[in-house]
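Me: I would like to go through this model slowly, asking at each step what a term rests on. Could we begin with a single residue and then turn to the whole chain?

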Amino acid sequence: MRGADLGGGDLSGANLKMANLNRARLMAADLRDADLVGANLSGADLRGANLTKAVLTAADLRDADLDGADLSGADLQTAKMTNPKI
């Protein structure tokens, strides 16, 4: 799913463990309660995405654009967050 355009999509509760979402377009996507453990979201466009209570343990968020994203209650333990745009 590298580079996929999932903007505005409803991915709430989705199992995206270890998914390769490198450079994916996820603007305004609903990722509430999604399982993104170990997912590669480097360079992803997550502007305005709803990541409420998403599990992002060990996810790669390097260079991701998180401007306006809702990370309320999200689990970011051991997530790689070098140069995120917030």
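Reply: Leaving aside neighbours within four places in sequence, Leu66 is in contact with Leu46, Leu51, Met81, Pro84, Lys85 and Ile86; please keep in mind that this is a predicted model.

Me: Why is Leu66 called buried?

Reply: A residue counts as buried when its relative accessible area is under 20%, and because the value for Leu66 is 3%, Leu66 is buried.

Me: What separates the C-alpha atoms of Leu66 and Met81?

Reply: These two residues lie 15 residues apart along the chain, and their C-alpha atoms are separated by 11 Å, while the pair still counts as a contact, since contact is judged by heavy atoms within 4.5 Å.

Me: How many helices and strands does the chain have?

Reply: The chain has zero helices and zero strands.

Me: What box do the C-alpha atoms fill, and how much of the chain counts as buried?

Reply: Taken along the principal axes, the box is roughly 25 × 25 × 20 Å, and 38% of the 86 residues count as buried.

Me: Among contacts between residues at least 6 apart in sequence, what share joins residues at least 24 apart?

Reply: That share is 0%.

Conventions: Residues are numbered from 1 along each chain as its sequence is written. This is a predicted model: local features need pLDDT of at least 70, side-chain atom pairs count only at pLDDT 80 or more; totals for chains, interfaces and linings use all residues. Side-chain values use heavy atoms; hydrogens and water are left out. Helices (H or I, at least four residues) and strands (E, at least two) are DSSP runs, numbered from the N terminus. Buried means under 20% relative accessible area, exposed over 50%, partly exposed in between (1.4 Å probe, protein chains only).
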